[in-house]
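This report describes strand pairing, helix packing and side-chain contacts in one protein model. The sequence and structure come before the details.

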Amino acid sequence: MRNWHALSYLGRGTMRQKAAWEAIQQTHIMEVLSDYHPVLAGTIPLDIDVKQSDLDIICESHDLEQFEQAARTAFGCLPGFEVTHLDVKSIPTCVISFFTADFWFELFAQPVAVEKQNAYRHMDIEARLLDIGGLDAYQHIRALKQSGIKTEPAFARYFQIPGDDPYEALLQLEPLTEQELQQRVQLLRKD
């Protein structure tokens, strides 16, 4: 597993990743949210982002009202600031979005450790799959996303991962060792 907590890789990454790093530094968002163990998730860390990709920051909060208030105090005056409370698979969730530093930010908080949240778990397995698939996988998945397909369905399509729910199908690959995952991908791609 990669260390997604250390964001310094962004400063050495692609132009878009460097821009994300600058936006994160400029807003001090990781410091503002430090009590909530923030992690940048999604397509930008994986370098499969498209023009409209936002900065997804997942957080752990056992008091979603307090999380909302902290975000509102720091970012409430920014364009597009919006708060949504909902249940995601029966887990209380707070989603906050706003625009600043040329990026849409989406803060996603649940009373679950970030490493156990599906966004983190998906990102981790997707990184492993990209390591196996190489440049061809990056290019094809980015093209699928540019055509309007969401990230997890794009991975399922490219790697020919079976199942009706690509979000769950990806999580089924999580416990596999690197060798087992590589063998599984080779088998799936042959069919």
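His85 stands opposite Cys94 in β4, and Asp87 stands opposite Pro92 in that strand. The model is predicted: local features need pLDDT of at least 70 and side-chain atom pairs pLDDT 80 or more, while totals for chains, interfaces and linings use all residues. Residues are numbered from 1 along each chain as its sequence is written, and side-chain values use heavy atoms, leaving out hydrogens and water.

Strands β3 (residues 82–88) and β4 (residues 91–100) run antiparallel and are joined by 7 bridges; two strands pair if DSSP finds at least two bridges between them. Helices (H or I, at least four residues) and strands (E, at least two) are DSSP runs, numbered from the N terminus. The two strands form a hairpin with 2 residues between them, and Lys89 in the turn has a positive phi of about 50°.

The open sheet has 5 strands in the order β1-β2-β5-β4-β3, with mixed pairing. β1 (39–41) and β3 are at the edges with a single partner strand each, so one side of each has no neighbour in the sheet. From one strand to the next the twist averages 25°.

Contact means heavy atoms within 4.5 Å; axes are lines fitted to C-alpha atoms, for helices over the stretch in contact, with angles from 0 to 180 degrees between N-to-C directions.

| Helix | Strands | Angle |
|---|---|---|
| α2 | β1, β2 (55–60), β4 and β5 (103–110) | about 70° to β5 |
| α6 | β1 and β2 | about 60° to β1 |

Gln17 lies in helix α2 (residues 15–27). Its relative accessible area is 6%, so Gln17 is buried (buried means under 20%, exposed over 50%, partly exposed in between, with a 1.4 Å probe and protein chains only). Beyond neighbours within four places in sequence, Gln17 is in contact with Leu10, Ile44, Pro45 and Asp47.

The largest nonpolar core has 60 residues, of which Ile29 and Leu129 touch the most other members. Such a core is a set of buried Ala, Val, Leu, Ile, Met, Phe, Trp, Tyr and Cys residues joined through side-chain atoms within 4.5 Å. Helix α6 (residues 118–146) supplies the largest share of this core, 9 residues. Not counting residues up to four places away in sequence, Ile29 touches Ile24, Ile57, Phe75, Phe98, Phe105 and Leu107. Phe75, Phe98 and Phe105 also belong to one aromatic cluster, together with Phe81.

Methods
Phe/Tyr/Trp six-rings, centres within 6.5 Å; stacked < 30°, edge-to-face > 60°.
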